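Keep the structure viewer open as you read.

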Amino acid sequence: MATIPSHAFRHLIVTRPWLRRIRCTSSLAFSCQDTTQTHHENYNNDDADTNKAKKSNSQAFFPKKNQVLELECESLAFKGKGVCKVADSGFVLLCDNALPGERFIGRVSRKKGSYAEVTKLKTISPHWNFVDAPCEYATYCGGCKTQNLSYQAQLRAKEQQVHELVVHVGKFSNKNPDFASIMKPIVPCDIQFHYRNKMEFSFGSQKWLPKELLHEKLEGNENYALGLHAPGYFDKILNVNKCLLQSEPANKILATVQNHWKDPELGLSPYNVHSHAGFLKHLVLRTGRDIETGFPELMVNFVTSSYKPELLKPLVERISAIPEVASIMNNVNTSIGNTSVGEEEYTLYGKPTITETLKGLTFQISANSFFQTNTHQAEVLYKLIEDCAGLRGDGSEIVLDLFCGTGTIGLTLAKMARHVYGYEVVPQAVADARRNAKLNGISNATFIEGDLNKIGENFGKDFPKPDIVISDPNRPGMHMKLIKFLLKLKAPRIVYVSCNPATCARDIDYLCHGVAEQNIKGCYKLKSLQPVDMFPHTPHIECVCQLELS
């Protein structure tokens with residue numbers, strides 16, 4: 001967790017001596033980068049909790065676990081949590097599902113050293129920029145945390161979070177006259193619903209219920225559910241009949257499965273994570289596009305605990321009648337884990353892959369291959385990456401594509417480069433990248449399987465010195481070994497693509513400013529940082545950073 005400077009806290013006057021008032025400060029937007037998901041709890045007596053808040057010891061400058069307090073949120077932090085602080089002491093509290101301007105009663109659920117987590121018990125007054133959430137599950141799901149916050153307000157919050165992280169974690173001064181030109185305004189997403197091309201739903205034997213329905217007794221398959229994990233629960237499923245983030249054809253498939261899978265005559269059972277009994281584990285829906293017609297084509301992937309195609313046959317017959325369905329797969333995962341990737345894969349209907357086009361290229365997507373989840377916004381993202389790469393287009397430059405996945409970024413740049421060298425740790429992704437290169441007639445791209453977190457002294461001898469490095473790591477960011485390698489390599493330009501602004505800010509700090517404790521000197525200058533909203537209504541933010549050798 002980032003260290004919080006003392007000047008970030010402002011003094012607040014406690015207006016009521018019987019109540020310790022908490023407020024949120026925008027300068028703490030960077031402070032919850034490593035927080036974990038708080039457990040969703042049900043409370044049976046909101047009025048009693050409110051009374052506890054009034055009786056809280058006004059001298060409790062550092063709240064204790066289970067202490068009940070009144071809070072007011074003024075801004076959002078990274079990962080969508082409200083960042084709160086105690087007056088006078090400046091102690092930080094983080095509250096999930098708290099939105100700017102909202103006043104509510106909260107209970108301290110967990111203390112974690114320099115901050116604590118709070119569970120919201122009861123809203124006193126609503127937040128600013130309120131809009132009605134169109135999704136009936138928005139209150140409970142946890143996937144679209146900000147759906148009832150206006151989209152413009154979401155964008156402002158995300159842009160502010162990146163700004164704070166760059167200043168406080170990346171150590172770039174906002175007083176620098178170049179700072180305003182370096183920090184670009186966030187790029188919005190034109191499509192705010194139905195933008196996801198992949199959704200993963202889980203089958204479960206325990207249906208999650210809101211507190212007002214907990215008195216209902218569910219028996220037999222009434223307790224079965226197909227949907228999303230309730231926040232904080234690995235064993236309870238919020239039943240979902242329609243998701244506004246996936247395509248309409250995908251919702252037709254979901255509705256068909258929901259209407260039939262619990263029929264006793266089919267003999268289907270959901271997997272039980274406690275007893276490890278049951279058949280159905282996951283339903284994964286992927287949306288692609290037929291390259292000839294331009295119409296959607298969908299893949300349905302049933303993840304099961306064993307291979308019993310006769311049990312799935314009635315569902316396969318019904319789903320295959322939906323015109324957009326081009327593929328029905330069965331991944332068999334016999335392990336007790338919760339992964340949707342199987343040890344074996346079978347085609348139950350149609351073809352084993354679907355297709356999608358991106359930046360003029362065609363990509364084949366298998367059941368377990370990685371592909372940008374928002375195809376529409378990926379076009380925008382890849383154009384930004386291309387602009388930052390600044391390839392001359394004369395076919396003279398070498399591109400090193402780190403964490404290349406299925407090769408989408410490198411392949412879109414290959415037409416302007418002499419050669420692209422891609423590195424990826426996932427074997428299936430490397431195989432997909434090679435297949436996609438062949439599919440598009442690209443011969444100047446080489447994809448190599450390797451773990452970039454475990455590079456040795458010989459790394460870099462398999463390719464010539466690159467003119468441009470593209471680095472698109474997963475959420476933990478780059479390992480220090482890789483950062484040291486890049487500082488020694490001294491490629492003229494690095495384009496850093498990140499899905500985690502916190503680790504992005506840390507890594508560009510290392511590349512630009514070095515690490516004094518390890519006697520490592522930085523050698524790059526940050527030229528631009530562009531936030532991109534890839535996933536509206538969620539706290540996720542993508543960033544594209546351009547660095548040039550000093």
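This is a predicted model: local features need pLDDT of at least 70, side-chain atom pairs count only at pLDDT 80 or more; totals for chains, interfaces and linings use all residues.

The protein has 550 residues, and 55% of them are buried. If you look at contacts between residues with a separation of 6 or more, 68% of them link residues 24 or more positions apart.

Seven strands make up an open sheet with mixed pairing, and if you read across it the order goes 18-17-16-19-20-22-21. Which strands stand at the edges? They are strand 18 (445–449) and strand 21 (524–532); each has a single partner strand, so one side of each is left without a neighbour in the sheet. Going from one strand to the next, the twist averages 15°.

In general, the strands of a sheet pair through backbone hydrogen bonds, and the pairing can be parallel or antiparallel. Here, strand 21 and strand 22 (residues 542–549) run antiparallel and are joined by eight bridges. To pick out one spot on your screen, find L529: its bridge partner in strand 22 is C545.

Finally, bring helix 10 into view, residues 480–489. This helix lies across strand 16 (398–402), strand 19 (468–471), strand 20 (493–498) and strand 21. Relative to strand 16, helix 10 runs at about 170°.

Conventions:
Residues are numbered from 1 along each chain as its sequence is written. Side-chain values use heavy atoms; hydrogens and water are left out. Buried means under 20% relative accessible area, exposed over 50%, partly exposed in between (1.4 Å probe, protein chains only). Contact means heavy atoms within 4.5 Å. Two strands pair if DSSP finds at least two bridges between them. Helices (H or I, at least four residues) and strands (E, at least two) are DSSP runs, numbered from the N terminus. Axes are lines fitted to C-alpha atoms, for helices over the stretch in contact, and angles run from 0 to 180 degrees between N-to-C directions.
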